[in-house]
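Hello,

Here is the structure I promised to send over. Have a look at it first, and my notes on the ligand site follow below.

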Amino acid sequence: MMRRASTTGLDVEPRVTETRAAEVDPFLTLGVETSCDETSVAVLRGETEILSNVVYSQVDLHARYGGVVPEVASRNHVVKLPYIVDEALARAGARTADISLVAATKGPGLVGPLLVGLCHAKGMAYALRVPFIGVNHLEGHLFAHRLQNPDLEPPFLGLVVSGGHTLLVDVARYGDYHVVGTTVDDAAGEAIDKIGKMIGIGYPAGAKMDELAMSGDPKAIPLPRPMEGAPSFDFSFSGLKTAVLYHLRKNPREKREDIAASVLASVVSVLTKKSLEATRRFHRRRLVVVGGVAANAHLRAELVAEGGRCGIEVHFPAISLCTDNAAMIAAAGAFRHRELGEVDALSVSPDPSLSL
Ligand code: KG4
Ligand code: ZN
């Protein structure tokens with residue numbers, strides 16, 4: 001089963017020299033991600049070389065509802081997944097017979113969408129007679145860093161900040177995680193999306209809020225910086241949403257740019273202070289920021305600047321690896337299978353509230 005991948009997509013293997021053939025890792029992982037509203041399939045060579053990473057976003061389907069409708073998401077994954085698998089294989093120049101391992105997100109996420117991806121992936125593993133591995137989506141986000149910077153190995157402090165999660169995790173080595181803080185209510189991306197809905201900038205609001213904030217005044221609205229000074233590394237973002245709601249009731253004509261800039265100033269300040277403090281407290285020299293909100297330009301700039309001031313290196317994956325994608329799932333699966341010798345039974349079920 002572990003044959004070398006065709007780089008052409010044709011049945012004829014490309015001619016390679018002896019040396020080159022010896023260098024190419026023949027192990028290909030097919031990764032599947034369907035935990036929310038992205039249908040994504042990737043083909044990874046070895047543990048860090050992305051051959052393809054196809055992401056189909058259902059965002060237009062859900063935009064009119066102002067959030068993801070789980071049943072609509074599930075049904076759309078069912079329709080799109082076979083085509084995305086074909087596209088990922090074609091872009092990788094691989095055939096199903098070249099695949100050595102199938103990895104799919106098993107949680108956390110929406111149960112219906114998880115079930116669709118997991119069943120499809122398990123079916124493929126069964127048909128191809130290759131091992132299957134169910135991946136924790138949060139661990140997947142951390143592996144976006146390994147794809148981006150394979151040489152920057154742990155230990156590091158990780159900040160996973162997305163639409164569903166805000167998590168500080170001490171990573172002693174891949175596979176060995178200690179969660180040191182989490183949100184007690186909304187995730188940072190969730191709060192940004194809800195505030196975006198209030199000011200009518202569509203769903204999800206992160207990228208638009210990022211752009212609007214570029215021309216806004218971050219000091220225009222005095223907003224709270226929840227739990228910034230608290231002794232724990234936990235977060236809370238739902239109060240910020242309420243503060244914006246009350247402010248808008250009194251000031252319905254407030255400029256959207258100023259709201260965006262003020263909201264991001266609060267979110268960025270809290271995330272920056274807490275994650276750098278956690279990095280210091282856990283004696284790490286490196287902070288790794290992953291998840292959809294890690295795409296935020298203001299957060300990236302502030303963390304790099306503040307990190308530089310206190311001697312902490314801050315790393316972010318490329319934007320395409322920050323938001324949900326299957327390459328990070330394939331990377332986590334390949335690591336667990338090859339380095340830790342893990343394999344899952346085909347009876348594995350989705351776990352919507354799986355923790356790290
Ligand atoms: O990681 P992700 O794709 O999905 C989850 O696992 O949740 O993250 C999606 C979240 C959304 O809340 C979206 O608004 C936010 O990431 N996001 C951003 C930006 N791009 C995406 N938030 C702030 N600034 C951005 N540029
Ligand atoms: Zn995610």
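The shell around ligand 1 divides into six nonpolar, eleven polar and three charged residues (Ala, Val, Leu, Ile, Met, Phe, Trp, Tyr, Cys and Pro count as nonpolar, Asp, Glu, Lys and Arg as charged, and the others, Gly among them, as polar). This is a predicted model, where local features need pLDDT of at least 70 and side-chain atom pairs pLDDT 80 or more, while totals for chains, interfaces and linings use all residues. Residues are numbered from 1 along each chain as its sequence is written, chains are lettered from A and ligands numbered from 1 in the order written, and side-chain values use heavy atoms, leaving out hydrogens and water.

In total, 20 residues surround ligand 1, with G163, D193, D210, G292 and N296 the closest (a heavy atom within 4 Å counts as near). The shell takes at least three residues from each of domain 1 (3-143 + 322-338) and domain 2 (155-317), with bounds from an automatic or database domain assignment. Among helices (DSSP runs of H or I, at least four residues), α7 gives the most to this shell, with three residues.

Now for the polar contacts (pairs of N or O atoms within 3.5 Å). A polar backbone atom of G163 is 2.8 Å from an oxygen atom of ligand 1. On the side-chain side, an N or O atom of D210 lies 2.9 Å from a ligand nitrogen atom, and for N296 the distance from a side-chain N or O atom to a nitrogen atom of ligand 1 is 2.9 Å.

Happy to talk it through!

Methods. Polar contact = N/O pair within 3.5 Å; in protein donor to acceptor, adjacent residues only side chain to side chain. Helix = DSSP H or I, 4+ residues; strand = E, 2+ residues; numbered from the N terminus.
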